[in-house]
Amino acid sequence: MSEGVGGVSGKTPVSGIGPIKNPYGGLAVALLAIFPQLVFLVFALVSPVSFGYFTATFSGLAQFIIEPNIIRIYTLPMLVVAAVTAFVPIRGPQDYFGGVALIALALWAFYSSSDLPGMRGFQFGPGTAPRLFGGLMLVLGFAITVTGMLTKGAALERYHLRGPFFVTLSILTFAAVIRPLGLVITAFACFMIAALGSPAQRWTQTLIVGIAITAFCSFLFPYVLGLPFQMKPRFMLQ
Amino acid sequence: MDLFGNLALGFNVVFQFVDFTIPLIGVKIPIPMNIVFCLIGALVGTLVGVLPGIGTIATVAMLLPITFGLPPVGALIMLAGIYYGAQYGGSTTSILVNIPGEAGSVVTTLDGHQMAKQGRAGPALAIAAIGSFFAGCVATVLIALLGAPLTKFALQFGPAEYFSLMTLGLVFAVVLAKGSVLKAIAMIVFGLLLSMVGSDLETGASRMAFNVPELADGLGFATVAMGVFGFAEIIRNLDTGAEKGRELVQDKVTGLMPTKADLMSSAPAILRGTVLGSILGILPGGGAVIASFAAYTLEKKISSNPSQFGKGAISGVAAPESANNAAAQTSFIPLLTLGIPPNAVMALMVGAMTIHGIVPGPQVMQKQPELVWGMIASMWVGNLMLLIINLPLVGIWVQLLRVPYHLLYPCIVIFCAIGIYSVNNAPTDVIIAGAFGLVGYWLIKHDFEPAPLLLGMVLGPLMEENLRRAMLISRGDATVFVTRPLSAVLLAMAAGLLILTLLPMLKKKREEVFVESEN
């Protein structure tokens, strides 16, 4: 997905001097173009120490980066869009970059359904509907991009980092430790991590609420609602 | 008469006594279980409505897994209670604090808070609750009246008609969405694309799943809903600082009773709001939010002195509050009769029904009448409860507003995470929801509305299935959609609506372009 990249372009309503009008915007879209490869690179680097979810290896990585289909269907067209972005005047950045992301999404849909068979006679194949909707998305993304190019629109909104970072970190922590550490520790840890996202905390107060909510969760979900939660960490069970 | 028989069946279901074993003690006592569920739903709904920063969609998504262990009727009664309960609760914060607790009561802030400032918070709250109650009663009767005939009608639908009807629904969602039409369509298509992930309906081929085993079953829409509406909303609130401007005017709440003049002037507004809300609720793509805006606009247009609006006109509170409650309830009609969810909350209700093995559609009303009529009857009971919950207890709900957001949001994060995790006991689902939280944040920043996305995601598989079936039956003849009369009418309506919406927009954009190029 492209949300991180949109963030990069967040501070770039810069119209530079010379032929290149949006150097940062173009760069951001170029990053979006190689986003799958970047994600794969990160996974490959993480996988030796990860929790067994991602099994990508370096040989797989090499294969993926030069995979002809992904380059042909996704990366190259997006690089073209990036080049265009750098040179065109953008009057409505919010619409423009929104549209570009939709184009990326449509191309990604084309890529990911490229291995599926299409129509067989009058019968739909598994690949028909994804390509149909992908095509529709491409048209819409293009239309929104052009709108952002031609008509004056809203500027990009500021992206904040603290809130999204800590809330996401809390969610990821939850996913990572709920199995090994059980509900009690996980709930408390995630509460505190999420709480870091706001500058307004007074920590004694937060600590008390955190403990209370952990107790509440540990009572509500397993006992009142009867959901099968493991309470204690795994090592304490053995 | 059929209607009374059906309603009697419904009330029987609601007032059924079930033996309940108290946990830890083990004593069995008979209690009316469904009323308890209704009360819980109404309470949670009011709570959600009162608290800004957590919406109905996220709450219903959060509670979906919890309904696993409940009987289907109880689960649906509870979830329905949350939706219309939130409409009641939302008005409280709008009036007292000038912060809409719920999107459906945004317009109530305009006049409601002005009334509160003038020391008339009591009458404003009372009129909002009375209007909601009246609208709720009317909507309940309307559902009961329309349910059976529409179901008979729906049974004549073939795949082609279903496809056309859903197209019409999506077009309505586009037309009624605020902001750019193009962006709304794009969001629907985004939802359709997301619904493609997983296994193919007919061949079982893995689609767009990248060999990730967790994606083989597709993206759960409760997961996506939680990300886009729950997490994204929290992140957004952290940006803007949801804590500022929370000055309570609750010390001025004195007499709750509205004067006779208040009642006289708001009665027609309540009536108009109810009618408008009921209609907009039934329309696909409609719902509580649009209904309240439309009702307010209507009141302002036909009022003899429109200048009063925004300065504490009581009909500016009565109409939108009646409308949002009416719409919240009548939006169950397309779901129960046709099996098509008209808005995002109803889409989650489909999820709730699916969890319990119920396929929404016309068959439900025939095969499981106690489920449908029980739910309808519960709505009336729920509305009565809400009247009591909201008026005398308003002080308690206002106290809740003192909980600062910086303590509230970590709790919501944890509840959401536990909720998603417990659906499948899968940590991956939590990660996916987190990712969609960021996607949702990005969507908000680029002024895309996420509600059509969810609708597209739910209707996607249904549409594809019916499209493929229709094409198969007609042996590849695509004209089947226009040669079958019912389907043709529906498609023509969809096309007409879309053109009507797009034309002025194109004109405006062209003008903008010309203005730009002249400069």
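Predicted model: local features only at pLDDT ≥ 70, side-chain atom pairs only at ≥ 80, totals over all residues.
So, how close do the axes of H9(B) and H18(B) come, and at what angle do they cross? Keep that in mind for a minute.

Okay, chain A to begin with. If you take the contacts in chain A between residues at least 6 apart in sequence, 69% of them join residues at least 24 apart.

Now the interface. On the chain B side, 59 residues are in contact with 65 residues of chain A. Which elements of chain B give two or more residues to that side? They're helices H8 (181-196), H9 (221-240), H18 (405-424), H19 (427-445), H20 (451-473) and H22 (485-518). By class, that side of chain B has 38 nonpolar residues, 13 charged ones and eight polar ones.

H9 and H18 are both on that list, which brings me back to my opening question. Their axes come within 11 Å and cross at roughly 165 degrees. Anything over 145 counts as roughly antiparallel, so that's what we call H9(B) and H18(B). The crossing of the two is left-handed.

And who meets whom? From H9(B) you have, among others, B:Met226, B:Gly230, B:Phe231 and B:Ile234, and the H18(B) residues they meet include B:Tyr409, B:Ile412, B:Cys416 and B:Ile420. This contact of H9(B) with H18(B) has 11 nonpolar and four polar residues, with no charged ones.

Technical notes. Residues numbered from 1 in each chain as written. Chains lettered and ligands numbered in written order. Contact = placed C-beta atoms within 7 Å. Helix = DSSP H or I, 4+ residues; strand = E, 2+ residues; numbered from the N terminus. Nonpolar A, V, L, I, M, F, W, Y, C, P; charged D, E, K, R; others polar. Axes fitted to C-alpha atoms, helices over the stretch in contact; angles between N-to-C directions. Parallel < 35°, antiparallel > 145°, perpendicular 65-115°, else oblique. Left-handed = near helix turned anticlockwise from the far one by under 90°.
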